[in-house]
Amino acid sequence: MNVCVIGTGYVGLVSGVCFSEIGNNVTCVDLDENKINNLRKGIVPIYEPGLEDLVIKNTKEGKLSFTTRLTEGMDNADVIIIAVGTPEKETGEADLQYVEAVAKSIGENLNGYKVIVTKSTVPVGTNRRVKELVAKYSGSGNFDVASNPEFLREGSAIHDTMNMERAIIGVESEKAGQVLSELHQPFNTTIMVTTIETAEMIKYASNAFLATKISFINEIATICEKFNADVTDVAKGMGLDGRIGSKFLNAGIGYGGSCFPKDTKALIQISGEVEHDFQLLKSVIEVNNKQQRVLLEKAKERFGNLSGKNIALLGLAFKPNTDDMRESASIVIADELVKQGAKVKGFDPIAKETARRVLPQQVEISEDMEKTLEGADIIMILTDWDEVKNLDLSTLAGKQKKPVIFDGRNCFSLDYAGQFGLEYHSIGRPSLV
Ligand SMILES: NC(=O)c1ccc[n+]([C@@H]2O[C@H](COP(=O)([O-])OP(=O)(O)OC[C@H]3O[C@@H](n4cnc5c(N)ncnc54)[C@H](O)[C@@H]3O)[C@@H](O)[C@H]2O)c1
């Protein structure tokens, strides 16, 4: 099949590459000339394990190409996938200007039957709007619209796409359902064909539920701390119940990234439009905002004033295996520590460049963990990178001035951390002092 993907961000690029890997001819379109020129040379703008190899391989095999010209991508396409950003507006609602601009351009250039698929996360009703715009600017009804929400996780996006657990296909015509089912067949996955509105809702409901699981276990963690219980074991015990499941029950400093924060707020906004007050989800967000600051509270309680303290932040990306720092807890924490007059150093194996752009300039950023740890009075663990989880705590115990550790991702077992006489505070577990 000929596929045109519009937007080469995390979702569009990964989807385009994977659709070419399973045998389609894919053209990826983006407005960003620099990005497209680099992609043509095999230079990938984001860090995503395995992505670069597949870009190079499929480009060489002639199945994948990149362009800034929409018509070059869409003229021969059977399927056009919209994968542009839907960032959050100040009000919390999703900003649809990029999706609408693309719909208009598709309409202006439509030259025959196409299935126009929205993969961007969009509020219920958006595909209807896309349909209206394409019809208006093409003056034709020779197309179908469809919703195909994306569930990949940054950091394992290629694996998630090649081994997708389900493909949700929201359509209003049998023909579009058939085309998209055929497109997804090689992924050997469960294909669920539903209405457009249901598909749009499945995406928001899924993200809201996962965010709820995270805030739930973080609330349990806070209570565990008061009773000297261990949230890791509580989560393990809960997860043994098949109805609950063990995933997404890791207590920590909350969720971040480009999806959960914005999608939860957008769902509250969507609910408001039909006069439903989504109280549960509002609390989920409130808990998460508090949780992102929990290490600051713990450090304040322990030290009082953090002014002049040397503080090492380990991990800056919102989660491991990505360079994405959108809505990362590290931003909230670094900003506050700098404000309080602490001397802050930050380590991240991949997100160094992003960190330079988004953290206060006073933060000294490095890819060298040893360098970041030098002279630290306090260590705050913010991202559970393998490099951080493999840190040999005995080296810290040997230092003349032993740092106090605040572990926001419960990277070490209490048994291990307890061997070295270090002061160790984590989330939802007894402190070692
Ligand atoms: N990032 C994720 O993990 C993830 C997961 C699931 C769903 N989503 C959703 O997928 C969508 C895309 O997210 P992302 O993280 O890939 O975004 P992104 O910001 O990384 O990329 C968007 C890309 O679209 C391009 N673009 C904007 N307008 C364009 C136009 N008119 N023509 C061509 N290109 C244009 C931009 O230049 C950019 O490269 C969002 O709705 C997001 O909520 C993201």
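Author: Axes are lines fitted to C-alpha atoms, for helices over the stretch in contact, and angles run from 0 to 180 degrees between N-to-C directions. This is a predicted model, in which local features need pLDDT of at least 70 and side-chain atom pairs count only at pLDDT 80 or more, while totals for chains, interfaces and linings use all residues. Residues are numbered from 1 along each chain as its sequence is written. Helices (H or I, at least four residues) and strands (E, at least two) are DSSP runs, numbered from the N terminus. With those terms, α5 and helix α6 (residues 126-138) pack at an angle of about 35°, and their axes are 7 Å apart.

Reader: What makes the crossing of α5 and α6 left-handed or right-handed?

Author: A crossing is left-handed if the near helix is turned anticlockwise from the far one by less than a right angle, and right-handed if clockwise. The crossing of α5 and α6 is right-handed.

Reader: How do you know which residues of α5 and α6 meet?

Author: Two residues are in contact if their C-beta atoms, placed from the backbone, lie within 7 Å. On the α5 side the residues that meet α6 include Val99, Ala103, Lys104 and Ile106, and among their partners in α6 are Arg129, Val130, Leu133 and Tyr137. By class, this contact of α5 with α6 has 7 nonpolar, 3 polar and 5 charged residues, where Ala, Val, Leu, Ile, Met, Phe, Trp, Tyr, Cys and Pro count as nonpolar, Asp, Glu, Lys and Arg as charged, and the others, Gly among them, as polar.

Reader: Why are α11 and α12 called roughly antiparallel?

Author: Helix α11 (residues 260-273) and helix α12 (residues 279-291) pack at about 150°, with their axes 10 Å apart. Angles under 35 degrees count as roughly parallel, over 145 as roughly antiparallel, 65 to 115 as roughly perpendicular and the rest as oblique, and α11 and α12 are therefore roughly antiparallel to each other. α11 passes α12 in a left-handed crossing. Thr264, Lys265, Leu267 and Ile268 in α11 meet Leu281, Lys282, Val284 and Ile285 in α12, a contact that by class has 5 nonpolar, 1 polar and 2 charged residues.

Reader: What makes β3 and β8 edge strands?

Author: Two strands pair if DSSP finds at least two bridges between them. The open sheet of 8 strands has the order β3-β2-β1-β4-β5-β6-β7-β8, with mixed pairing, and β3 (64-67) and β8 (190-194) are its edge strands, because each pairs on one side only. The twist averages 25° from one strand to the next. Strand β2 (residues 25-29) is joined to β3 by 4 bridges, and these strands run parallel; Val29 stands opposite Thr67 in β3. Helix α9 (residues 196-227) lies across β6 (143-147), β7 (166-171) and β8, running at about 140° to β7.
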